[in-house]
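Please keep the structure open alongside the text.

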Amino acid sequence: MNENHDIIVELRNVHKRFGPLKVLQGVDLKLQRGRTTVVIGESGTGKSVLIKHMMGLLRPDSGEIYVESERIDHLREKELVKVRQRFGYLFQMSALFDSMTTGQNIAFPLLEHTDYNDREIERIVAEKLELVGLNGSQDKMPAELSGGQRKRVALARAIAMNPQIVLYDEPTTGLDPIRADTINDLIIKLKHEIKVTSVVVTHDMASAFKVADRILMLHEGKFIAEGAAEDFRRSTEPRVRRFVNGQSTPDEA
Amino acid sequence: MVSWLTNTGALASDLIAAFGRFWAFSGRTLGRVLPWMTRRRDVQRLWPQCHAIGTTSLPVVMITGFFVGLVLAIQAIEQLMASGLADRMGVIVSLSVVRELGPVLAGVMLAGRVGGALTAELGTMNVTEQLDALRSMGSDPIRVLVVPRFLACVLLTPLLTLYCDVLGVFGGWLISVPVFGVSNWAYWNYTSNALEMWDIFCGVSKAVFFGAAIGLISCYKGFNCRQGAEGVGRACTEGFVTGFISILVMDFFITMAQKGVYVSIWGFKTVF
């Protein structure tokens with residue numbers, strides 16, 4: 001099979017700035033179908049900005065973005081609806097709708113984009129909650145859930161429409177190590193059970209090493225390193241070493 | 001001098017840009033109203049908003065109308081009694097309340113109560129990425145969040161204004177008839193003679209515009225607030241102040257237009 005047939009998302013020379021701040025400075029990236037790509041980098045280096053470009057939540061100042069070989073960076077909001085249905089997005093702060101129950105949150109995309117009746121929607125909601133290990137919590141409000149439970153509900157909502165690609169924005173941030181590991185296990189489980197392509201943005205190296213098929217490091221708007229988890233463990237590149245080992249420079253102290 | 005000019009120019013440019021963004025937002029909202037009406041699941045989102053915006057605002061709007069009627073009557077009654085015109089008390093109260101004070105004060109109360117709540121709700125959704133979550137699921141936040149709130153404001157501000165009017169006229173009656181001994185028959189008779197359907201139409205039509213302004217301004221401010229609690233708080237304040245001023249400015253221009261239409265059709269009439 002031609003290698004390009006396995007590329008599900010591609011970014012070509014993407015630049016993005018917010019006012020004077022240059023966030024992305026010529027990013028090239030190809031995501032392979034069915035694999036988990038982890039993007040690491042310091043806070044504020046543009047990791048979240050990068051994945052928001054993949055589904056058109058942000059538009060590049062220049063460069064091109066392709067999803068399944070279809071260029072999407074110039075599409076209008078209405079035209080992006082179909083593209084976005086291929087994605088699930090787990091937000092850093094979960095972004096659950098406060099005024100809705102857990103079940104209503106997960107049912108939301110189904111009500112928006114399908115003609116399923118109430119019984120079918122209830123079945124899908126129960127199935128997704130079971131997948132994330134929260135059976136029977138349909139009627140709870142987001143405020144009643146712990147941080148880890150909120151992330152899992154948000155993940156259930158992100159996969160409600162059976163997306164091909166799931167984007168995880170700092171999935172383990174703010175969680176204790178055990179809850180963080182539960183999320184890591186879920187990312188791996190989804191990859192195997194529903195064959196999703198995943199992009200995980202994180203600065204949690206334990207999480208990155210556990211879930212990644214491939215890791216990329218973003219620094220000052222460009223990728224400076226790429227490889228498997230083992231390559232990053234053994235890397236001699238000073239910036240990679242400092243990040244992986246969590247060492248600050250005297251300038252940063 | 002140069003820096004003053006630069007700062008003033010930048011401020012003016014920002015204001016014009018913000019004004020343009022507001023009208024673009026309003027245009028997108030209005031453009032989505034008709035398609036919105038064709039989807040049952042979208043229309044179902046209107047009822048909770050009608051409850052939040054209308055039902056829960058009813059007591060405060062009725063209290064406002066009632067006390068305005070009381071105060072109007074207290075201010076005017078002695079002057080009218082001294083002139084032998086106390087029987088016409090209902091004319092003063094009803095025309096003031098129905099044409100002007102009812103819609104304006106109901107609008108101002110709703111700008112504070114409903115506008116503030118809408119800005120805070122949507123602003124919080126904005127800073128907690130809930131608006132991005134909607135977009136990420138292929139949904140349009142304007143269709144899902146703004147259109148039902150906008151329509152609830154447009155539909156219910158006139159209704160609430162009518163309640164405000166009724167309580168205002170009743171408040172005037174309470175001071176005039178039981179307290180100052182004005183004839184009950186005279187109060188209602190002169191009121192019904194002076195008050196025309198046109199007056200009620202004028203008050204209610206103003207309320208439609210005030211409701212539209214409250215809905216659009218508060219949703220726009222919520223969608224465009226800055227990050228953090230301070231950003232949401234500032235957006236609420238700006239939303240209320242802008243809504244309040246818009247109501248007063250719109251009131252002036254709508255009243256001018258209504259007067260012009262009335263005089264050109266029916267000519268000038270005295271109320272006494």
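## The open sheet of chain A

In chain A, six strands make an open sheet with mixed pairing, in the order S6-S7-S8-S3-S9-S10. Strands are DSSP runs of E with at least two residues, helices are DSSP runs of H or I with at least four, and both are numbered from the N terminus. Two strands pair if DSSP finds at least two bridges between them. The edges are S6 and strand S10 (222-227) of chain A, each of which pairs on one side only. On average, neighbouring strands of this sheet are turned by 20° against each other, direction ignored. Axes here are lines fitted to C-alpha atoms, for helices over the stretch in contact, and angles run from 0 to 180 degrees between N-to-C directions.

The model is predicted: local features need pLDDT of at least 70, side-chain atom pairs count only at pLDDT 80 or more, and totals for chains, interfaces and linings use all residues. Residues are numbered from 1 along each chain as its sequence is written, while chains are lettered from A and ligands numbered from 1 in the order in which they are written.

## S7, S8 and the helix on the sheet

Strand S7 (residues 165-169) and strand S8 (residues 197-202) of chain A are parallel partners, joined over five bridges. Ile165(A) stands opposite Thr197(A) in S8(A). Helix H6 (residues 177-193) of chain A packs on this sheet. H6 touches strand S3 (36-40), S7 and S8 of chain A, and its direction makes about 165° with that of S8(A). Contact between two residues means that their C-beta atoms, placed from the backbone, lie within 7 Å.

## A hairpin in chain A

Strand S1 (residues 7-18) and strand S2 (residues 21-32) of chain A run antiparallel, with nine bridges joining them. Leu11(A) has Leu29(A) in S2(A) as its bridge partner. The two strands form a hairpin with two residues between them. In the turn, Gly19(A) has a positive phi of about 60°.

## Two non-glycine residues with positive phi

Ser94(A) is not a glycine, yet its phi is positive, about 75°. Ser94(A) lies in the loop between S6 and H3 of chain A. Is Ser94(A) buried or exposed? Ser94(A) is buried, because 26 other C-beta atoms lie within 10 Å. The cut-offs are 20 or more other C-beta atoms within 10 Å of the residue's own for buried, 12 or fewer for exposed, and partly exposed in between, with C-beta atoms placed from the backbone.

Lys195(A) is not a glycine either, and has a positive phi of about 55°. Lys195(A) sits in the loop between H6 and S8 of chain A. Lys195(A) counts as exposed because 11 other C-beta atoms lie within 10 Å.

## Where the chains meet

In the interface, 17 residues of chain A contact 12 residues of chain B. On the chain A side, helix H2 (77-84), strand S6 (87-90) and helix H3 (102-113) each give two or more residues. H3(A) gives the most, with five residues. By class, this side has 12 nonpolar, two polar and three charged residues. Ala, Val, Leu, Ile, Met, Phe, Trp, Tyr, Cys and Pro count as nonpolar, Asp, Glu, Lys and Arg as charged, and the others, Gly among them, as polar.

## Chain B overall

Chain B has 10 helices and zero strands. Its C-alpha trace spans about 70 × 60 × 40 Å along the principal axes. Of its 272 residues, 43% count as buried. Among contacts in chain B between residues at least 6 apart in sequence, 88% join residues at least 24 apart.

Asp165(B) lies in helix H7 (residues 141-179) of chain B. Asp165(B) counts as buried because it has 27 C-beta neighbours inside 10 Å. Beyond its neighbours within four places in sequence, Asp165(B) contacts Gly65(B), Val97(B), Val98(B), Gly102(B) and Gly203(B). Asp165(B) is 13 residues from Ala152(B) in sequence and 20 Å from it in space, C-alpha to C-alpha.

Helix H8 (residues 184-194) of chain B has Tyr187(B), Tyr190(B) and Thr191(B) buried. They lie on the same side of H8(B), because they cover an arc of only 105° around the axis. That arc is taken from the directions from the helix axis to the C-beta atoms. The buried residues of H8(B) pack against helix H5 (89-127) and H7 of chain B. The face turned away from the buried side of H8(B) carries the exposed residues Trp185(B), Ser192(B) and Asn193(B).
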